[in-house]
Amino acid sequence: LLGFVNSNSAMLFLQILAPTLDFNQGPISKIPVPRIVGKEVVESIVESNTSLSRIDWDSFETSWDFIKHPLIKFRQSKALWGDPAHEDFRNNGSVYLSFKAWQTFTEIQFCRLKANEEELNRIFIEIYGLEDELTPEVEDKDITVARIYDAKEDIPESMKGNKYVLTKQDVIKSFVSYAVGCMFGRYSLDVEGLAYAGGDWDDSKYKTFIPDKDNCLPITDEEYFSDDIVGRFVEFVQCVYGRETLEENLDFIAMALGNKGDTSREIIRNYFIKNFYKDHVKTYKKRPIYWLYDSGRQDGFKALIYMHRYHADTTGLVRVDYLHRMQKIYESEIDRMKDLAENSKNAREVARAEKRREKLIKQLKETKEYDEKIAHLAPRRIEIDLDDGVKVNYEKVQTDTTGKIYHVLAKI
């Protein structure tokens with residue numbers, strides 16, 4: 001039945017029985033179901049399609065059965081292919097090779113699913129004698145598993161409109177998201193699936209890569225903190241792929257992200273500052289599991305936390321251990337830029353110092369205004385209940401005793 005209702009023969013009947021495309025149980029129950037000789041063939045194809053689709057769905061972290069990011073799988077597993085022709089993809093320390101391996105794997109899966117769909121169509125067209133009405137071919141844009149391209153301009157016309165199309169940038173963004181999950185302990189390189197989503201914390205799950213201790217990852221335009229998110233990301237890439245290939249891997253990641261910057265680390269930093277949270281909110285359909293403390297347009301202060309590790313003192317910790325430290329850093333940097341501008345004889349260097357000093361002054365001002373807002377919330381020691389969901393809790397942690405909302409988290 002599953003194979004039949006997903007064939008174009010069944011769709012032909014439904015266009016007659018339900019011309020308004022209201023495919024409820026009424027029209028579905030009226031479709032004439034054939035007696036199939038040798039139905040084992042159909043069932044085998046359906047089982048194959050189900051398996052292909054499940055593997056694809058579980059490759060993304062929004063799946064309940066997500067185990068590990070594919071770029072990690074294709075780095076770690078030598079038994080994944082089972083085909084000597086793909087020996088080259090039984091990887092060394094290259095993010096690029098992991099990407100090419102997953103790209104090739106999805107192409108194989110795509111072609112298998114398409115061939116299976118067309119075979120099902122052929123079988124049912126023959127059963128119903130619809131050779132004059134239908135052909136078994138399925139358009140590429142209607143195949144519902146991921147297919148990966150290097151860039152948008154490489155996507156052929158036949159795939160336009162297929163929402164399962166991914167680019168190299170999409171893949172690398174999802175890899176960055178997984179890395180952040182490992183930084184917070186949501187995922188671990190040592191266990192499959194969710195390592196932590198509330199409840200009791202278990203240190204034994206984290207041996208290869210250690211999560212952030214205080215559940216706060218600052219995002220700054222320079223590396224001011226020891227647990228700076230870019231520094232931790234670089235550490236993650238090195239942990240997974242090795243020290244020898246670190247720079248080429250960072251270059252590949254930066255090129256795929258495509259943000260501004262002169263070096264790979266600058267490009268990655270700009271992605272975290274400008275785009276990471278937007279992508280996260282989009283991925284989780286405005287129900288983010290990572291929350292961004294954000295001071296505003298000047299990017300004076302940004303810090304990421306993991307909702308499932310939030311506790312009553314989290315806002316206070318963010319304020320005292322990070323925001324106040326950030327203000328002191330700005331004050332020191334402003335003085336340093338002033339001294340540099342006054343004492344340097346290099347006109348270009350003076351101009352750079354003055355420009356940076358102006359920016360730092362704006363950022364410091366923004367953080368002080370932000371501190372006034374967050375000061376209303378930190379002493380409240382607001383508790384959350386994970387069962388209430390993201391939307392309720394996101395507003396709750398920003399609301400004072402009078403019911404006034406102070407927007408200390410990024411808008412979603």
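1. Start with a salt bridge. K365 pairs with E369, and their closest N and O atoms are 2.6 Å apart. Both residues belong to helix 13 (residues 347–374). They sit 4 residues apart, about one turn of the helix. K365 is exposed, at 52% relative accessible area. E369 counts as partly exposed, at 40%. Elsewhere, salt bridges with shared partners tie E107, K114, D140 and R147 into one network.

2. A word on confidence. This is a predicted model. The mean pLDDT of the chain is 92. Of its residues, 96% reach 70 or more. Where pLDDT is low, the predicted coordinates should not be read in detail.

3. Now the overall build. The chain has 412 residues, and 48% of them count as buried. It holds 14 helices and 5 strands. Along its principal axes, the C-alpha trace spans about 90 × 55 × 45 Å. The accessible surface comes to about 22,000 Å². Carbon and sulfur atoms account for 49% of that surface. Take the contacts between residues at least 6 apart in sequence: 60% of these join residues at least 24 apart.

4. How many salt bridges does the chain have? The count is 20. One of them joins the side chains of E247 and R265, at 3.0 Å from N to O. This pair links distant parts of the chain. E247 is partly exposed, with a relative accessible area of 40%. R265 also counts as partly exposed, at 32%.

5. Buried or exposed: which holds for the pair K302 and D294? Both residues are buried. Their side chains meet in a salt bridge, at 3.2 Å from N to O.

6. Helix 11 (residues 276–283) deserves a look. Its buried residues are F276, Y277, H280 and V281. Seen down the helix axis, these residues fall within an arc of 130°, so they line one face of helix 11. K278 and K282 are exposed on the other side. What do the buried residues of helix 11 pack against? Their partners are helix 7 (168–184), helix 10 (264–274), strand 4 (290–294), strand 5 (302–306) and helix 14 (390–396). After helix 11 comes K285, with a positive phi near 50°.

7. Q298 belongs to the loop between strand 4 and strand 5. Q298 is partly exposed, with 33% relative accessible area. Beyond its neighbours within four places in sequence, Q298 contacts K362, Q363 and E366. K163 is another matter. Q298 and K163 are 135 residues apart along the chain, and 35 Å separates their C-alpha atoms.

8. T167 is in strand 2 (residues 165–167). T167 is buried, at 9% relative accessible area. Which residues does T167 touch, not counting those up to four places away in sequence? The contacts are I148, Y149, D150, A151, K152 and I155.

9. E333 is an acidic residue to check by eye in helix 12 (residues 314–343). Why does E333 count as buried? Its relative accessibility is 14%, and buried means under 20%. Setting aside neighbours within four places in sequence, E333 is in contact with Y224, R356 and L360.

10. Last, the surface. M11, L21, F23 and I28 make a nonpolar patch of about 350 Å². One of these residues, L21, lies in the loop between helix 2 (8–17) and helix 3 (25–30). L21 is exposed, with a relative accessible area of 60%.

Technical notes. Residues are numbered from 1 along each chain as its sequence is written. This is a predicted model: local features need pLDDT of at least 70, side-chain atom pairs count only at pLDDT 80 or more; totals for chains, interfaces and linings use all residues. Side-chain values use heavy atoms; hydrogens and water are left out. pLDDT is the predictor's confidence in each residue, from 0 to 100. Patches are made of residues with over 30% relative accessible area and no salt bridge: like charges are joined within 9 Å, nonpolar side chains (Val, Leu, Ile, Met, Phe, Trp, Tyr) within 5 Å. Accessible areas come from the Shrake-Rupley method with a 1.4 Å probe; for residues, only the protein chains shown count as cover. A salt bridge is a side-chain nitrogen of Lys or Arg within 4 Å of a carboxyl oxygen of Asp or Glu. Helices (H or I, at least four residues) and strands (E, at least two) are DSSP runs, numbered from the N terminus. Buried means under 20% relative accessible area, exposed over 50%, partly exposed in between (1.4 Å probe, protein chains only). Contact means heavy atoms within 4.5 Å. The arc is that of the directions from the helix axis to the C-beta atoms.
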